[in-house]
Amino acid sequence: MIRFLQNNIKLKNRIMIVFMFSSIFLLAVIITSFKAFKNTSDEFFRFLDFNSYSQINIEITKDVYKIQSQVLIYIYEGHKSSTNKVDDLYMKLLHKIDKPYIKQLNNKIVLITQHLKTYHKTFIELKKQKSLRDKLIVDIRSSANSLETKLNLYIKEHKQNQLIAHKLLNNLLQIEKNAFRYFDSLDSNFITIAKSSIANIHSELNTLSKNDNSKLLKEINSSIVSYEKTFLEAVQRTRGYLYLINVVMAAEAYEILYNSNRLSEELYQQSSIAQHNIIELIQNTVKSLPVTGTIFLIILAIVSLVLLKSIVNPITALTKTFTKLAHDEDTSIPTYELEDELGNFTKAATVFKHTNAKTKELLKKSQTLTIELEKNQIELTRSNDELEQFVYTVSHDLKSPLVTSMGFIGIIQKLAADGKYEEAIAKLDRVVSSNERMSQLISDLLDLSRVGRINFDKKDIDLNKMLNTLKNSLKSRLIKNNLQIIIKNKLPTIIGNESRVLQVFENVISNTIKYAKNENGSLLEIGSIEEKTSYLIYCKDNGDGIDKKYHNKIFALFYRLEQNSDGTGVGLAIIQKIMKFHNGSVWVQSEPGSGSTFWFRFPKNGVTEDE
Amino acid sequence: MNNEREKTILLVEDDDDHAEITEFYIKEYSPEFYVNRLSDGHEALNYLKEIKKLPWLIILDLKIPKHDGHEILKYLKNKKNLKRVPVVIFTTSNSIQDITKAIDAGANSYLVKPINSEDFLENIKTMLSFWKLNQHGYITNGENI
């Protein structure tokens with residue numbers, strides 16, 4: 001589920017899925033609750049039904065008694081209205097209990113209906129029996145009447161048997177009387193009495209027939225037999241329908257009442273069960289609803305949380321990433337392999353990062369370029385300044401002899417105009433020397449420019465050999481200027497351009513001659529010291545020395561410590577430039593009064609100077 | 001009121017030849033001027049610090065050793081008693097920086113070497129007349145012309 005929620009499904013769809021899932025779950029809870037409620041309500045209505053029909057036995061009992069009493073009334077009174085009432089009541093009761101849903105509630109009602117129907121059938125049978133008997137009773141009357149008439153006739157004809165005949169008649173009346181009593185009261189004692197009367201009649205008839213053999217008597221005899229037969233039949237019928245009432249119908253009534261009682265009991269029991277069920281259902285609902293509700297809420301919360309996490313976590317991470325990217329901090333892109341909107345965000349972050357990195361790189365490049373440009377600009381400005389300074393210096397120093405020569409020419413013109421020719425001619429020397437000086441300056445400057453301009457080859461130079469040769473070639477000049485050159489130790493072989501290196505030492509010797517004069521004889525001591533990566537050559541003179549504050553200035557172009565010396569102030573500048581082209585350096589070590597030492601450093605490999 | 005010999009012109013110039021030429025022309029113009037030559041910045045400053053009598057004119061080269069001409073000019077124009085003395089810058093430099101710097105510092109004239117004698121003397125005369133006016137109180141040099 002979590003993977004499902006976090007993978008490959010668009011955010012929109014993910015939210016939809018969770019929403020649908022929640023809805024389905026909620027629907028399930030609602031349906032369950034509704035079912036529980038429906039069950040409870042069904043059970044409640046059943047309970048109500050049971051409750052209402054549990055009282056049915058009372059009505060049935062009441063109606064059965066009513067019918068029974070009407071039946072009895074009918075039996076005793078024989079009114080047709082009673083039978084109508086019975087039928088009426090029967091129909092009503094039948095209608096009352098013949099309802100399908102009562103049948104559904106309890107099948108006892110079917111039994112009751114059957115019994116009731118049997119009861120009614122029996123009642124119809126009873127009516128038949130009774131009408132038959134009533135007919136028999138009419139027959140009994142009529143036969144009794146004819147018998148009476150016959151007997152009275154017999155008494156008239158047979159005076160001798162008058163007494164017995166009277167007795168016989170009397171008995172006959174007795175029978176009749178008791179028979180009707182019986183029919184009326186249905187007391188079987190009367191039957192017994194009537195039967196004894198019949199027995200008496202039979203014996204009296206027997207007595208009569210001994211002395212009489214008349215036809216009338218025979219007729220009487222046969223009438224009595226048929227009378228007795230009818231009587232017995234009537235009794236039989238009466239007993240029959242009494243049986244129907246007292247046994248069959250009573251039993252049916254009993255069955256009805258019994259079953260209706262049972263029905264009531266059962267309905268009551270069922271209603272109790274229904275009640276119990278309702279209580280149970282309610283309790284279950286009360287118990288289960290919070291549980292299912294809670295479970296639903298928990299599941300919903302979990303799903304929501306998972307969804308939330310699946311959305312919020314990447315968003316938080318991406319927000320962090322974007323913030324960091326925006327602040328140009330280094331950060332890794334979260335590795336969500338998502339196909340959804342957040343995935344697109346991640347891609348955006350990657351693009352953003354790449355763009356950032358590119359921008360950064362470009363910025364860095366541009367910064368580097370700017371720095372380089374600034375550097376170059378500074379360098380250019382410096383070199384421009386240098387050039388300007390150089391031009392300034394050159395123009396001043398080149399102009400200087402020109403000014404002198406022009407000035408003296410002006411003076412000469414003036415003197416000539418005034419006729420002071422000798423004075424004018426004397427001044428011409430000044431013009432000449434000034435021009436010579438200018439020429440010297442120009443050639444020195446050309447020398448200097450050549451150092452930088454002309455590319456020169458480097459090769460091994462045996463300084464020992466070079467300096468000894470130089471010493472020899474300058475011999476006459478050295479003697480003239482009273483300068484002695486001493487080479488202290490065996491000088492090394494260096495890498496350099498021969499003519500330039502020679503120029504360095506020529507300039508040094510020339511400078512010594514010009515500026516380091518010693519009254520007691522000038523001396524130039526040349527030696528070398530080997531260092532790890534370079535050779536140091538020193539040239540030590542015994543001149544006046546140079547004040548420390550001029551140690552750097554002396555290498556500047558046209559700088560002269562003594563303004564009116566022969567020098568042009570270019571020599572040391574040339575030396576410095578040559579040393580620079582050899583990747584080496586030159587410096588001076590000096591104290592006023594104790595001579596000066598010029599140091600030259602040549603890198604051993606001719607390429608880099610390692611100090 | 002002034003002794004002829006006391007008409008001093010101060011010449012600050014390191015080049016002997018240039019000094020000689022300048023002196024020649026001044027003497028040509030008026031032999032009554034005495035040219036006091038100082039050959040470097042150090043010498044010039046020392047002289048100016050203990051000056052007792054003001055010169056009529058100061059001719060100053062800019063390119064001199066040990067303190068350049070600008071420094072001397074600055075000193076001159078910042079010193080109460082000296083700033084009224086006209087200063088003529090006389091130098092080989094015709095760079096705009098030098099000219100601007102000198103004029104800003106209070107130089108009264110700027111002449112570029114080489115120059116013909118007529119132009120030079122014309123300027124010197126003008127400067128000297130400045131001094132005369134100044135002596136009579138018509139001109140205060142520097143800020144209040």
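Helices (H or I, at least four residues) and strands (E, at least two) are taken here as DSSP runs, numbered from the N terminus. The model is a predicted one, in which local features need pLDDT of at least 70 and side-chain atom pairs count only at pLDDT 80 or more, while totals for chains, interfaces and linings use all residues. Residues are numbered from 1 along each chain as its sequence is written, chains are lettered from A and ligands numbered from 1 in the order in which they are written, and side-chain values use heavy atoms, with hydrogens and water left out.

Chain A holds 15 helices and seven strands. Of its 611 residues, 40% are buried, where buried means under 20% relative accessible area, exposed means over 50%, and partly exposed covers what lies in between (1.4 Å probe, protein chains only). Contact is defined as heavy atoms within 4.5 Å. Among the contacts in chain A with a separation of 6 or more, 74% are between residues 24 or more positions apart. The accessible surface of chain A is about 35700 Å², and carbon and sulfur atoms contribute 57% of that surface; accessible areas come from the Shrake-Rupley method with a 1.4 Å probe, and for residues only the protein chains shown count as cover.

Chain B has five helices and five strands, and along the sequence these follow the pattern β-α-β-α-β-α-β-α-β-α. Buried residues account for 50% of the 145 residues in chain B. Of the contacts in chain B between residues at least 6 apart in sequence, 67% link residues at least 24 apart. Its accessible surface amounts to about 7200 Å², with 49% belonging to carbon and sulfur atoms.

Angles under 35 degrees count as roughly parallel, over 145 as roughly antiparallel, 65 to 115 as roughly perpendicular and the rest as oblique. On the H3(A) side, the residues making the contact include A:Ile56, A:Ile60, A:Val64, A:Val71 and A:Ile75, and on the H9(A) side they include A:Tyr241, A:Ile245, A:Met249, A:Ile256 and A:Ser264. The residues of this contact of H3(A) with H9(A) comprise 15 nonpolar, six polar and no charged; Ala, Val, Leu, Ile, Met, Phe, Trp, Tyr, Cys and Pro count as nonpolar, Asp, Glu, Lys and Arg as charged, and the others, Gly among them, as polar.

The other pair brings together helix H12 (residues 463–473) of chain A and helix H14 (residues 498–515) of chain A, with axes 11 Å apart and an angle of about 50°. H12(A) is therefore oblique to H14(A). From H12(A), the contact is made by A:Leu463, A:Met466, A:Leu467 and A:Leu470, and from H14(A) by A:Glu498, A:Val501, A:Leu502, A:Phe505, A:Glu506 and A:Ile509. In this contact of H12(A) with H14(A), eight residues are nonpolar, none is polar and two are charged.

Helix H2 (residues 11–53) of chain A includes A:Glu43. A:Glu43 is buried, at a relative accessible area of 13%. Leaving aside residues up to four places away in sequence, A:Glu43 touches A:Ala274, A:Asn277, A:Ile278 and A:Leu281. A:Ile30 also lies in helix H2 of chain A, and is partly exposed, with a relative accessible area of 48%. The C-alpha atom of A:Ile30 is separated by 9.9 Å from that of A:Gly293, 263 residues apart along the chain.

Most residues other than glycine have a negative phi, and most peptide bonds are trans. In chain B, a cis peptide bond joins B:Lys113 and B:Pro114, with omega about -10°. B:Pro114 sits in the loop between strand E5 (109–112) and helix H5 (117–135) of chain B. B:His67, although not a glycine, has a positive phi of about 70°. This residue, B:His67, is placed in the loop between strand E3 (57–60) and helix H3 (69–78) of chain B, and is partly exposed at a relative accessible area of 32%. In chain A, A:Asn583 has a positive phi near 60°. A:Asn583 belongs to the loop between helix H15 (571–581) and strand E6 (585–590) of chain A, and counts as partly exposed at 30% relative accessibility.

Key:
Axes are lines fitted to C-alpha atoms, for helices over the stretch in contact, and angles run from 0 to 180 degrees between N-to-C directions.
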